[in-house]
Amino acid sequence: MNPIRSALARALLSPKPRPPRARHYATSSTGGATQPESVAAEMVRYALGGARPGSSPDEAMRILEQGASNLQGGGEGCGEAVGMLMLAMSTLLYRSGRRQEAMEKLKATNQVAPAAFRVAAWEATMGLCMEAGQVINTSVSPDDLVDLSIKDDNIKWSDQGHLKCRVNAIKGLIALLNGETESAQLFFDGCKDLCAGVGNKQTENAVLSYCEYLHCVGDFPLATQMYERVLEALTMEDMSGNFLAACNMVPEEVSLGATCSYGQLLSHSGKFSEAEDYLTRALKKAEDQFGANHPKVGIVLTCVARMYKLKAKAEGSSSIMVQEGLYRKALEVLRAPAINSEGVSKQMDWRDIISLARGEYAELLLIQSNRKAEGERMKEWAEHAWRNSRLTLAQALEFSGPSKPTVVDTRIGRVM
């Protein structure tokens, strides 16, 4: 039996398939997962479980496509099952470095899946747009069908609230990225009560965005409390059982983002021993999830190096060699263009982080008399590459204290 047929048979014939945790989208009369949903859940676990660094996603994609094709237009629970499979396909494409194809699959999900999956697809689409450096304004929203579907009588009132919370949190994150903190506050005010119930209805992603808002505006006590809540909720969650998220908004990405952002908060608070612990955990998560040479590892390494910079400044010590080694490795895995290349004027992934890391690296070189010329060239490159319209690179390099901290979001690879 070929691998695809074997996987399908295993999913279909399992006497007690493991039900998905995200039960609130189930349509069965008992409120539990329907048979199509359980089958789809097993397919997703099989496909994404094998989609680890170094493995080919082709077989996994064929399994998911065949499953979606077989379930299209079926009966009870088939719409939800197809939604699961299509979100998983988009995640698989994203993990394979095919961001545009992932976005096309998310768009297709909006056309066939029920409301909860449409919200998840829109959330992931916005996440990929932010990661790609696209300019988005806060008037963007899910298409009208999503907004109408959220009010559908088939969805419980409490679930409508959680879906709206996810929409508002993404809008708040966009506003924060655009430097519109007052607008961000309005969006997060609309969902902070639900954020307080982190751990329910896949709201961890929304809570992380709220944490980063609190962090950016300097409310460190509440940010600390919320970061700790979301991290605790994520440790208790079976991440393989969450089927209402995709791409850079899946629970594994949220866990990495929350760990790294909390490490940054501890660093901004002067708690360097704890900060180093959390940032080391974040680095291990990134390496385990993506592989040692993935750009997200470079993002975390940049945060680690910035922590050492703050620590050296606070303690009056020097860690130039440590910082330089971290920035060099970060720029290597981020695949930063050479300083003498033409790449700075072209489309460049992870532009925020590469420019920030190069700017920080340049500052290290400029204080060494025998390397000032190299530092000047690197500084010029970083300033030319910087495209963040909300703050200058000099401000980003300076904003690291409790009053105006700069926060790096690993989910989208952007500086806020």
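**Reading helices, core and rings**

Mentor: Helix 13 is followed by G270, a residue whose phi is positive, near 80°. Please keep in mind throughout that the model is predicted.

Trainee: How many residues does helix 13 have, and what distance does it reach from its first C-alpha to its last?

Mentor: Helix 13 has 18 residues and reaches 25 Å from its first C-alpha to its last, which is close to the 26 Å expected at 1.5 Å a residue.

Trainee: Is helix 13 mostly covered or mostly exposed?

Mentor: Helix 13 is mostly covered, since 17 of its 18 residues are buried.

Trainee: G270 is a glycine with positive phi. Which residue other than glycine has a phi near 55°?

Mentor: C247 has this positive value. C247 is placed in the loop between helix 12 (220-236) and helix 13 (251-268). A residue counts as buried when its relative accessible area is under 20%; C247, at 1% relative accessibility, is therefore buried. R335 also has a positive phi, of about 55°, although it is not a glycine. R335 lies in the loop between helix 16 (320-333) and helix 17 (351-366).

Trainee: Why does R335 count as exposed?

Mentor: The cut-off for exposed is over 50%. R335 counts as exposed because its relative accessibility is 56%.

Trainee: Where does E123 lie, and is E123 buried or exposed?

Mentor: E123 lies in helix 6 (residues 115-131). Its relative accessible area is 2%, so E123 is buried. Leaving aside neighbours within four places in sequence, E123 is in contact with R166, I170, N205 and M249.

Trainee: How should I describe two aromatic rings that lie together?

Mentor: A pair of aromatic rings is described by the distance of the centres and the angle of the planes. In this model, the count comes to 6 aromatic pairs. The rings of Y210 and Y213 have centres 6.5 Å apart and planes at 15°, so this pair is stacked. Y210 and Y213 are separated by about one helical turn, because they are 3 residues apart in helix 11 (residues 204-216). Both of these tyrosines, Y210 and Y213, are buried.

Trainee: What kind of aromatic pair do Y262 and Y278 form?

Mentor: Y262 and Y278 form an edge-to-face pair, at 4.8 Å centre to centre with 75° between the planes. Y262 lies in helix 13 and Y278 in helix 14 (residues 272-290), so the pair ties together parts that are 16 residues apart in sequence. Y262 and Y278 are both buried.

Trainee: Which residue lies over the face of Y278?

Mentor: R281 lies there, at 4.2 Å from the ring centre. Likewise, R358 lies over the face of W381, at 4.4 Å from the ring centre.

Trainee: Which residues form one aromatic cluster?

Mentor: F188, Y210 and Y213 form one such cluster.

Definitions and conventions
Residues are numbered from 1 along each chain as its sequence is written. This is a predicted model: local features need pLDDT of at least 70, side-chain atom pairs count only at pLDDT 80 or more; totals for chains, interfaces and linings use all residues. Side-chain values use heavy atoms; hydrogens and water are left out. Helices (H or I, at least four residues) and strands (E, at least two) are DSSP runs, numbered from the N terminus. Buried means under 20% relative accessible area, exposed over 50%, partly exposed in between (1.4 Å probe, protein chains only). Contact means heavy atoms within 4.5 Å. Rings of Phe, Tyr and Trp (its six-membered ring) pair if their centres lie within 6.5 Å; planes under 30 degrees apart count as stacked, over 60 as edge-to-face and the rest as tilted. A charge sits over a ring if NZ of Lys or CZ of Arg is within 6 Å of the ring centre and within 35 degrees of the ring normal. The expected span of a helix is 1.5 Å times one less than its number of residues.
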